[in-house]
Amino acid sequence: MAKALPRLLVVLLALLLAAALFAAVFDLPQPAVDLPAQVAANLAQTGVEHPVTAVLLNYRGYDTLLEIAVLLLALLGVLAIAGKPATRTAERVDPVLQMLARIAVPLMILVAGYLLWAGAHRPGGAFQAGAVLAAAAVLLNLAGLLPAWSTPGKLLRLGLSAGFLVFLAVAAGLLAGGELLRYPPQLAGGLILLIEAGLTGSIGLILAGLFLLTSERGRSR
Amino acid sequence: MSAGLIYALTGVLLFVMGAAGVVLLDHLLRKILAFNLLGSGAFLVMVGLAQRGGGVDPVPHAMVLTGIVVSVAATALALALARRLLAVDADPEQD
Amino acid sequence: MLDPIPWLIVLPPAWASLAFLLGPGRGGRLAIIGLTLQLALAFMLAGQLLTDGARVYAVGGWGAPLGIDLAADGLSALMLLLTQTVALALAIYARAYFAGGHGGPAAWFWPLTGFLLAAMNALFLSADLFNLYVTLELLGLAAVGLVAAGGGGTQVAAALRYLLVSLVASGAYLLGVALIYATYGTVSIATLTPLIDAQAPLAVWLAAGLMALAMMVKTALFPFHFWLPPAHGSAPAPVSALLSALVIKASFYLLLRLWLGGFEALGAVIAWLPGVLGAAAIIWGSIQAIRASRLKTLVAYSTVAQIGYLFLIFPLLAGGGLAYQAGAMQIVSHGLAKAAMFAAVGVLMRATGRDTVDSLAGVAGRLPLTLFAFGLAGVTLMGLPPSGGFLAKWLLIDAALEQGQWGWAAVVIAGGLLAAAYVFRVLRQAFLLAPPATHFEAVPRRMEWVAFGLAAASVLLGLRGMELIALLGVGVAT
């Protein structure tokens, strides 16, 4: 009973908050600032054709820079937390799963490449492509074809940080010429593709690493 | 009652459930899942309200993409911590 | 000419990534070089602000509300100076602390710290609500990583609690941002400030409430302080110092920014609530510090108490600029003093090999410099002249009396007395004669000097108070 009262209070507060938010959502006025119009008006100078990609990598590219830092930081955190490497088991894996992995992974890499390129014109881009790559790595690990990682070596550390470093380098380079992340309109498309390519690789490796560093599956017998 | 508004209201419910869940649930994994629910709720509110007018507003979509990545990173860190806690509790010598 | 604003943001993640590339345990020297450059840039920015006034920097050349704006005024410059100074001192301390494999594994301390500083610099310069959300998350994850690094059960449990609390708070903040964007169509603070008034729709009131609550939780305001003592108390000394001195000020800074950026119109009627909670924090935190048996827990509860002073300014902000100055002075002097205190405690724990207050007997003879540093830091926390803490509390009492709100002045004075109680508790224990069998480890002199330097800075700050207040006045209407 003593524990039930505070819990009841929390539930009551939650319901109250929900009701208030419901009322608020119904009561919203028309916004004072019309951002979609501004996004569309300047789209031609951004170097990409899809408005969401333009916001993500040009108008609010600084947010994306910080976001990659967050991903890399999460990986650092996972590395810092891991104690002794878990004993990696090498268990037997269903050969059907292995066959599936062998067929699916090359296709997934192809899809990732397509998503990266498509991001300029339609939904897609570095994050989506990186996520597909990471999924391929996880599938390989579950099928016993890719062993789990321990502390990353020099090459892997380079791959993990390369995307962020490329983005940072482009930002610093642009800084020397003008303002932070101000793309010259004629170079914008190319620079964004360069940044996205680097990001795809790194995001794939980082997301894969977040799984593989804590996985316990070694190479299958 | 446009579709966007329905998404937003659903998002509100998810957010509140997630918040209550993190506070009330005892199992660590469930707390982490509740946090994900909370995040998804906030994202849904953002995206839903972006569609409540006539056209679609791309800015909240980009913000939610960023938010999803941040959420994944945070969840990964939380899970790594939870696993480490489990490992240390099972084998207190490990340090 | 080199513009300090973007470089203050680009430099820390650059050396953090390079430190990561160099491998586990490496990057200390890189950090010190980077931090020295950052400190120089911070001074440069302060100079620019004093001559030319507040600055706005449009990232990507677009300008708000389409792009993201960075803004630098007196308060941001002050926070940046504090951050780089304390971080540089603690970097020197940490190199000695982790040298030779002592103090626990420090494999990824330097990249984590670099990203922590990147988050802080970005946060203090940002003028965009969603960008602030991303910087908050960066900061939170870095802090949690540092707390948990290489640790055993208690550290990891504390880190996990800290993480979950932090994430729920950020989630609430994000919902607030969503509501504000839906109402006004922008997340740029400069664009929003003239639009927010007392006639705002319910969504804005809820958003303000959610965001304010989120920041109070992140700043460990009573009664949301429960996560702080375990987290700050179980981490290695340099990490505890970074967290108590700097990280916790970032969310308070954000709350102040939001308040001054439009929420004051909404929150004026309820401004007494943070004041009351702050007063409770001072009393409760001090009592727990007096009762704590572990050294680090004592200092962590001291942080809970000192944070309370910051929230006392909210009921007084509307009546003039004194409260604002008091808050800024408290942030800076507590930052220096708390960093010094944790540094000193780290030395004491290394020397005695134990972490309790009772085991300090005999330390006064062996480590006089460190104990002096602890005492000096205590002077600031108690609010004795001529320290920065004295200036902060003096301004606070002045503001309270000026507006006829005597209660707050009484709380400030009571807090000073309570602080004296726990500071003297430590000092008294250290001056006792040691039991004959006590063995003290040797501690690198560098660590002692850093603690002393930070403590002396916090005390001498009071003498330079006028310059700081002049800097603070840049770009603010108050």
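# Briefing: loops, interfaces and core

Pro223(C) sits in the loop that links α8 (202–218) and α9 (228–234) of chain C; helices (H or I, at least four residues) and strands (E, at least two) are DSSP runs, numbered from the N terminus. The model is predicted: local features need pLDDT of at least 70 and side-chain atom pairs count only at pLDDT 80 or more, whereas totals for chains, interfaces and linings use all residues. Residues are numbered from 1 along each chain as its sequence is written, with chains lettered from A and ligands numbered from 1 in the order in which they are written.

**Backbone features in loops**

- The peptide bond between Phe222(C) and Pro223(C) is cis, with omega about 0°.
- A cis peptide bond also runs from Ala64(C) to Pro65(C), where omega is near 0°; Pro65(C) belongs to the loop between β1 (55–59) and β2 (68–72) of chain C.
- Ala220(C) is placed in the loop between α8 and α9 of chain C, and its phi is near 60°, a positive value in a residue other than glycine.
- Ala220(C) is buried, with 28 other C-beta atoms within 10 Å. A residue is buried if 20 or more other C-beta atoms lie within 10 Å of its own, exposed if 12 or fewer, and partly exposed in between, with C-beta atoms placed from the backbone.
- In chain A, the loop between α7 and α8 (185–212) holds Leu181(A), a residue other than glycine whose phi is positive, near 60°.
- Leu181(A) is buried, since 28 other C-beta atoms lie within 10 Å.
- As background, most residues other than glycine have a negative phi, and most peptide bonds are trans.

**Chain A as a whole**

- Chain A contains eight helices and zero strands.
- The radius of gyration of chain A is 23 Å, well over the 17 Å that the globule rule gives for 221 residues, so chain A is more spread out than a compact globule. The radius is taken over C-alpha atoms, and the globule rule is 2.2 Å times the number of residues to the power 0.38.
- The C-alpha trace of chain A spans about 65 × 65 × 35 Å along its principal axes.
- Of its 221 residues, 45% count as buried.
- Among contacts in chain A between residues at least 6 apart in sequence, 80% join residues at least 24 apart; two residues are in contact if their C-beta atoms, placed from the backbone, lie within 7 Å.

**Helix α4 of chain A**

- Helix α4 (residues 61–81) of chain A has 21 residues and should span 30 Å at 1.5 Å a residue, which agrees with the 30 Å between its end C-alpha atoms. The expected span is 1.5 Å times one less than the number of residues.
- Because 21 of the 21 residues of α4(A) are buried, this helix is largely enclosed by the rest of the structure.

**Interfaces with chain C**

- Between chains A and C, 46 residues of chain A are in contact with 49 residues of chain C.
- On the side of chain A that touches chain C, at least two residues each come from α1 (4–26), α2 (35–41), α3 (51–59), α4 and α7 (154–177) of chain A.
- The largest share of that side, 14 residues, is supplied by α4(A).
- The side of chain A that touches chain C comprises 30 nonpolar, eight polar and eight charged residues. Ala, Val, Leu, Ile, Met, Phe, Trp, Tyr, Cys and Pro count as nonpolar, Asp, Glu, Lys and Arg as charged, and the others, Gly among them, as polar.
- Between chains B and C, 27 residues of chain B are in contact with 22 residues of chain C.
- The side of chain B that touches chain C draws two or more residues from each of α1 (3–24), α2 (28–50) and α3 (58–90) of chain B.
- Its largest share, 15 residues, belongs to α3(B).
- By class, the side of chain B that touches chain C holds 20 nonpolar, three polar and four charged residues.

**Nonpolar core**

- The largest nonpolar core has 334 residues, of which Leu77(B), Leu138(C), Ala340(C), Ala343(C) and Leu396(C) touch the most other members. Such a core is a set of buried Ala, Val, Leu, Ile, Met, Phe, Trp, Tyr and Cys residues joined through C-beta atoms within 7 Å.
- Helix α6 (residues 153–184) of chain C gives the largest share of this core, 23 residues.
- Residues up to four places away in sequence aside, Leu138(C) touches Leu66(A), Ala69(A), Val70(A), Leu73(A), Phe115(C), Ala118(C) and Ala119(C).

**Lys249(C)**

- Lys249(C) is part of helix α10 (residues 237–267) of chain C and counts as buried, with 26 C-beta neighbours inside 10 Å.
- Apart from neighbours within four places in sequence, Lys249(C) is in contact with Ile331(C) and Gly335(C).
- A separation of 14 Å lies between the C-alpha atoms of Lys249(C) and Ala305(C), which are 56 residues apart along the chain.
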